[in-house]
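Have the sequence and the model open side by side as you read.

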Amino acid sequence: MKIKNNFVLKKIAGSYVVVPVRTRAVDFSGIIKLTESGAFLWRILEKGADREELIAKMLEEYAVDEATAAADIDRFVAKLREADLIE
C-alpha cells in the first residue's frame, strides 16, 4: 500500500491535515484530519508498506498490544481507501 501522488500531510495550527495538490485539488473535496498516530502511519505509507510492516512500526512506536494495533490500522486503511488516498 502507498499514499497516492499529489497528497501531502501538513501540520497546521497543531493539527495534521491531508492537503491535495496539483490535479488532485480539483477532484478532492473535504478535509481529512489525522491524529498523531494517523500522521505516523501516513508517513510510513508515503514510502509504501504492507499491513504487517505497519503493525510492526506501530508496536515499536506506541505502547499498544498487537491486536489493538492491527484493528486500528485496519480501520485507518479502510478510511484511506474510502477516500481514495492509497493504491
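## A loop residue to start with

Ala13 is exposed, with a relative accessible area of 81% (exposed means over 50%, buried under 20%, partly exposed in between, using a 1.4 Å probe and protein chains only). You'll find Ala13 in the loop between E1 and E2. Its backbone is worth a look too: Ala13 has a positive phi of about 50 degrees despite not being a glycine. Most residues other than glycine have a negative phi.

Asp84 is another such case, with a positive phi near 60 degrees. Asp84 sits in the segment after H4 and is partly exposed, at a relative accessible area of 41%.

## Where the model comes from

This is a predicted model, where local features need pLDDT of at least 70, side-chain atom pairs count only at pLDDT 80 or more, and totals for chains, interfaces and linings use all residues. Residues are numbered from 1 along each chain as its sequence is written, and side-chain values use heavy atoms, with hydrogens and water left out.

## Overall fold

The chain has four helices and three strands (DSSP runs numbered from the N terminus: H or I of at least four residues for helices, E of at least two for strands). In sequence order the pattern reads β-β-α-β-α-α-α. The radius of gyration is 13 Å, close to the 12 Å that the globule rule gives for 87 residues, so the chain is as compact as a globular protein of that length (taken over C-alpha atoms; the rule is 2.2 Å times the number of residues to the power 0.38).

Of the 87 residues, 34% count as buried.

The largest nonpolar core holds 25 residues, and Ile3, Leu34, Leu41, Trp42, Leu54, Ile73 and Leu80 touch the most other members (a core is a set of buried Ala, Val, Leu, Ile, Met, Phe, Trp, Tyr and Cys residues joined through side-chain atoms within 4.5 Å). Elements that each supply at least two core residues include strand E3 (32-34), helix H2 (36-47) and helix H4 (66-82). Leaving aside neighbours within four places in sequence, Ile73 is in contact with Leu41, Leu54, Ile55 and Met58 (contact means heavy atoms within 4.5 Å).

Leu59, in helix H3 (residues 51-61), is partly exposed at 31% relative accessible area. Beyond its neighbours within four places in sequence, Leu59 is in contact with Val64, Asp65, Glu66 and Ala69.
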